[in-house]
Amino acid sequence: MKRDSRLSSVLHALLHMAEQPGPMTSDALAQCLGTNPVVVRRTMGFLRDAGIVQSERGHAGGWRIQADLRTVTLRQLHEALGEPAMFAIGNRHEAPECLVEQAVNAAFEGAFAEAESLLLQRFSDITLADLAADFARRHAAVRRTRK
């Protein structure tokens, strides 16, 4: 089963955008992410609708972060992307009358709900500013070792 990596990609793009003094084009972001500019525009559209980024048209246009990095949480970004499934595993629903399937699904549902709740709570505690600061520390450490 293919994993949904949109949240990871969005975080990657936003951290690149946070380092730029001006807007970044869909082409530039696509190059950073190794994807197609159409995918970038579609994904950034969700963030624009949520008030996190804005787009500017024209020759000097592109995408720019509109929100304060200190207030945007991973949970908000997850929600802006339409709350994609948290886990690649899930219940079977081929034979709802099957007692074995019912027992397995009942066990999984509680565990999945608990794990998702815990993960979303953690996502609520992590901001874009936290990630940007971590990136800055890592970048500074790499620069020091290269000198």
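On a 1 Å grid over the protein atoms alone, a pocket is an open set of points where a 1.4 Å probe fits, with protein on both sides within 12 Å along at least five of seven lines, and lining residues have an atom within 4 Å of a point. This is a predicted model, in which local features need pLDDT of at least 70 and side-chain atom pairs count only at pLDDT 80 or more, while totals for linings use all residues. Residues are numbered from 1 along each chain, and side-chain values use heavy atoms, without hydrogens and water.

**Second largest pocket**
- The second largest pocket holds about 210 Å³ of space, a volume being the space filled by probe spheres set on the points.
- Its lining includes T25, S26, R41 and W63, and by class it has one nonpolar, six polar and four charged residues.
- At least two residues of this lining come from each of α3 (37-49), β1 (53-56) and β2 (62-65), where helices (H or I, at least four residues) and strands (E, at least two) are DSSP runs.

**Largest pocket**
- The largest pocket has a volume of about 360 Å³ and is lined by 16 residues, with D4, S5, L7, A85 and M86 nearest its centre.
- The elements that give two or more residues to this lining are α1 (6-18) and α5 (99-125), and α1 gives the most, with three residues.

**Surface**

Methods
Nonpolar A, V, L, I, M, F, W, Y, C, P; charged D, E, K, R; others polar.
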